[in-house]
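Subject: Structure handover

Hello,

Here is the structure I promised you. Please open it and keep it beside this email as you read.

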Amino acid sequence: MYQPNYDELVQSWNKTLAVLALIAEVPVALVMKIENNIISVFSKNDNQANPYEIGDSEELEDS
């Protein structure tokens with residue numbers, strides 16, 4: 001069974017998010033990952049107006 005590596009998975013999501021952002025006419029599209037009480041950017045579209053970077057994270061309060 002084929003299993004993409006992490007980089008392939010992120011690149012695939014980046015391409016999907018680029019199309020989604022165009023269709024929705026928004027500058028930012030993200031896939032977020034939650035682990036314990038931390039939410040982080042897993043993937044993003046590559047629009048220059050997108051201020052987020054993969055790995056950016058924040059603590060979720062009251063989670």
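First, some ground rules. This is a predicted model, in which local features need pLDDT of at least 70 and side-chain atom pairs count only at pLDDT 80 or more, while totals for chains, interfaces and linings use all residues. Residues are numbered from 1 along each chain as its sequence is written, and side-chain values use heavy atoms, without hydrogens and water.

**The sheet**

Three strands form an open sheet in the order β1-β2-β3, with antiparallel pairing. The edges are β1 (30-35) and β3 (57-59), and each of them pairs on one side only. From one strand to the next, the twist averages 25°. Helices (H or I, at least four residues) and strands (E, at least two) are DSSP runs, numbered from the N terminus. Two strands pair if DSSP finds at least two bridges between them.

How many bridges join β1 to β2? There are six, and the two strands run antiparallel. They form a hairpin with two residues between them. In that turn, N36 has a positive phi of about 55°. Strand β2 covers residues 38-44 and pairs with β3 over three bridges, again antiparallel.

Look at I39. Its bridge partner in β3 is E58. I39 in β2 is also the bridge partner of I34.

**The helix**

Helix α1 (residues 6-24) lies across β1 and β2. It runs at about 75° to β2. Axes are lines fitted to C-alpha atoms, for helices over the stretch in contact (heavy atoms within 4.5 Å). Angles run from 0 to 180 degrees between N-to-C directions.

**Charged side chains**

Side chains of opposite charge can pair when their charged atoms come close. A salt bridge here is a side-chain nitrogen of Lys or Arg within 4 Å of a carboxyl oxygen of Asp or Glu. The count comes to one. E35 and K33 form a salt bridge, at 3.8 Å from N to O.

Now turn to K44, in strand β2. K44 is buried yet has no salt bridge. Which side chain of opposite charge is nearest to K44? That is D46, 4.1 Å away. Lys and Arg count as positive, Asp and Glu as negative; His and the chain ends are not counted. The backbone oxygen of Y52 lies 3.5 Å from a polar atom of the K44 side chain. Beyond four places in sequence, K44 touches several residues, including N14, L17 and I54.

Best wishes

Conventions
Buried means under 20% relative accessible area, exposed over 50%, partly exposed in between (1.4 Å probe, protein chains only). A polar contact is a pair of N or O atoms within 3.5 Å; within protein, one must be able to donate a hydrogen and the other to accept it, and residues adjacent in sequence count only if both atoms are side-chain atoms.
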